[in-house]
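Me: I would like to go through this structure with you, one topic at a time. Could you keep the answers plain?

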Amino acid sequence: MLKGRWRTTGSALLRVITVWAVSTLTMLLLAGVLPDFHLQSEDGDSVTRTALTAAWGAGAFGLLSALVWPVLVRALLLVPALVLGLLVFFLNGSLLLIALRLIPDGRGAADPQTAVVVAAVMSAVASATSTALAVGDDGAYRRRLSRLAVRRRRRTGEDGRHGGLPGTVFLQLDGVGHRVLLDAVADGLMPRLASWLGEKPAGTNRPARSGDPEPAPPPTHRLTPWRTDWSSQTGASQLGILHGSNHDVPAFRWYEKDTGRIIVSNRPASAARLQRRAIERTGDGGLLTFDGASRGNLFSGGADQLALVLSIAARRGRANRSRAGYFAYFSDPANAVRTVVSFVAEVGREIGQSTRARLRGDRPRVGRGGLYPFIRAFATVVERDVVVTAVIGDMLAGRTAVYADLVAYDEVAHHSGPHSRDAAQVLARLDRSVGLIAKAARHAPRGYRIVLLSDHGQSPGETFEAAYGLTLKDLVRAGCGLPVPRRAQRTKSGAEARDAARHAVLGALHRPEPEGAEEEPARSSDPVVLASGNLALISFPDVPERMSREHIDRRHPALLRTLANHPGIGFLLVRSEEHGSVVLGPAGVEIPVGELTDDGPLAAMGPGAADAVRRTDGFPHVADIMVNSMYDPETGRVHAFEEQIGSHGGLGGEQSRPFLMSPLTLSAPVPDGAELVGAEQVHGVLRRWLREGSGPQVPMGSPDGRPVREAGRGSHTRATVARTAEGEWDTA
């Protein structure tokens, strides 16, 4: 045993010396290349003296990075994430200048600008060297992860005991449809997922030495498609998956007549409101109330451990713990430097890809300028890195349930197209992220089942405005006899990453958005037209109740006829005083919702469309007029009512067909021949799997099992649960 300890200590010491030596050589090389970076006195020094100076400087910089950097990051935790990322270079350069001042006889000197470059390169090289040595020594890598897990448990006060029961990690690949996943696996873009499904990606069918084809690996996971509700978007799907109810979520954004507010699913105040409503309806905190973690999501799921969760970004003070997820990642200066460099590279990649698409004359195409390159980089780099690191940390801490959302594909597919080369590259990087998490799971203190799922797909197609030369809002105003602006106003995109990036950039975590910060349009007779992908909602604010078809016809005789007969519109849903709610289609088609089937005006929308429309029709906040765009089943194309060439939010095509990939050790999501329908049913499946892995779970709340509802000042505060030494549940 003593011999093993000496071997471990010697191995660790050797790695430290190796990293130090590589850092010294890097510093010497940079001193020879950069004119404003010196390691010699003005009179010159011998090679040995210069090498010792570099070794001293590299050692001092390494110690400062290890000891001072985490303190600096924790002190700057209230700084917005992207601002912190930009400060990385300045802080790292400052540490290098301090290290150079610690060199005896003042032989080290550098200009501030040069110090930033030297510090960034040295951090990257040291990180790469340390990682390479750890990969070469699996035992060292395992011990490092174990130490991290022990530190986490000490910091949180957890004992790490779980009785040998496995945990579960749910990874949501935002916007990746069932067909897109199958194509990516077949094309070799996602080899990790292909191996889990027992598939051989393209290019791997090389014959074995015996002359027989190499057999495919045995599958470890099953792939199940599921069908979304009418509102095929993250707000509705994730709320249903995490909280068990997406009742009264008719779209991504909608107008509520009783409050006079516009609800937008990816606004913190709106997300907090929707989460509270779901908890009040179900009486349950959510999927993750038992020792759970929520990473990168719109909603918390009742988890105690949170990072990049929008529904809590509106909270003030300590109630907002989402920013704590940044510390675990940015506390390592090498991580911070790598993320900032990758962020800049991704901005350049997007500018290059959009320029090439414009020069090629690609169609369809939307504008990709302005802030979009930075928003894309946030989704594909910052959000990915922080979330993946947080998930790995959760596994090392032995958490029971983790739910994380990776939004990179969804953001890129909105602007480049769901089947584009740009989106394919993102899928390949997502596969590597999944592989990294799977590798880390092998070193966790408990086993983990990794479940992959998506919240919706995306349907391609030209925007409504590009196809017909006017926006839906212009068409509605024309149908109402109102003046139409000569220059159409573009509808903002509703990509999930957009508001997360906005709050990271502007520091909304430091200056929270108040609970009632939703937009409140003036109560005029002009219609409010809100787009959610290829679904649009039209409301008349001056009428307190849901307007009937007869009322609309009396006020605007041409409106419904104009909309129903437009070639870019598939069908309308309105309330009728005579027939109840009705679906209107072209050429005067009118079918009461009670008699609606999956044919007629809904024939192209696929199975279950009639049930989805009926369910939405029963929501309290359904709009006066619900508009679904056309869908061409031969091309799979729809027309988004906002600036997206890959869209989701309504009925039609791949957007309504996400996937669920689960380990074979878990029970099948549904019986053979049955279909998984709706986010609420997916929630039930995930609940069942958690019970299978952990036995009966005690809901977050009092010892008698009564659920705790969120309540508090302005919005709500969630009761946190800690386990006592006697094994009882206490609320704090």
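Me: In what order do the 6 strands of the open sheet lie?
Reply: The order is β12-β13-β17-β14-β15-β16, and the pairing is antiparallel. Strands here are DSSP runs of E with at least two residues, helices are runs of H or I with at least four, and both are numbered from the N terminus. Two strands pair if DSSP finds at least two bridges between them. This is a predicted model, in which local features need pLDDT of at least 70 and side-chain atom pairs count only at pLDDT 80 or more, while totals for chains, interfaces and linings use all residues. Residues are numbered from 1 along each chain as its sequence is written, and side-chain values use heavy atoms, with hydrogens and water left out.

Me: How many bridges join β14 to β15?
Reply: There are 5 bridges between β14 and β15 (residues 580-584), and the two strands run antiparallel. Leu-573 has Val-583 in β15 as its bridge partner.

Me: What follows β15, and where is Ala-587?
Reply: Ala-587 is found in the loop between β15 and β16. Its phi is positive, about 60°, although Ala-587 is not a glycine. Ala-587 counts as exposed because its relative accessibility is 75%; buried means under 20% relative accessible area, exposed over 50%, and partly exposed in between (1.4 Å probe, protein chains only).

Me: Where is Asp-248, and is that residue buried or exposed?
Reply: Asp-248 sits in the loop between α9 and β5 (253-256). It counts as buried, at 9% relative accessibility. Phi of Asp-248 is near 65°, a positive value in a residue other than glycine.

Me: Next topic: which peptide bond is cis?
Reply: The bond from Arg-363 to Pro-364 is cis, with omega near 0°. Pro-364 lies in the loop between α12 (333-360) and α13 (372-396).

Me: Which residues touch the most other members of the largest nonpolar core?
Reply: Among its 56 residues, these are Phe-170, Trp-230, Tyr-403, Val-613, Leu-660 and Leu-686. A nonpolar core is a set of buried Ala, Val, Leu, Ile, Met, Phe, Trp, Tyr and Cys residues joined through side-chain atoms within 4.5 Å. Elements that each supply at least two residues of this core include α10 (268-282), β9 (401-406) and α22 (679-694). The largest share, 6 residues, comes from α22. A second, separate core of 50 residues includes Leu-173, Ala-194, Trp-196 and Ala-293.

Me: Why is helix α14 described as largely enclosed?
Reply: In α14 (residues 408-416), 9 of the 9 residues are buried, so the helix is largely enclosed by the rest of the structure. Among those buried residues are Asp-410, Glu-411, His-414 and His-415. Just after α14, Gly-417 takes a positive phi of about 105°.

Me: And Ile-312, buried or exposed?
Reply: Ile-312 is buried, with a relative accessible area of 0%. Ile-312 is placed in the loop between β8 (305-307) and α11 (324-330). The C-alpha atoms of Ile-312 and Ser-300 are separated by 7.6 Å, and the two residues are 12 residues apart along the chain.
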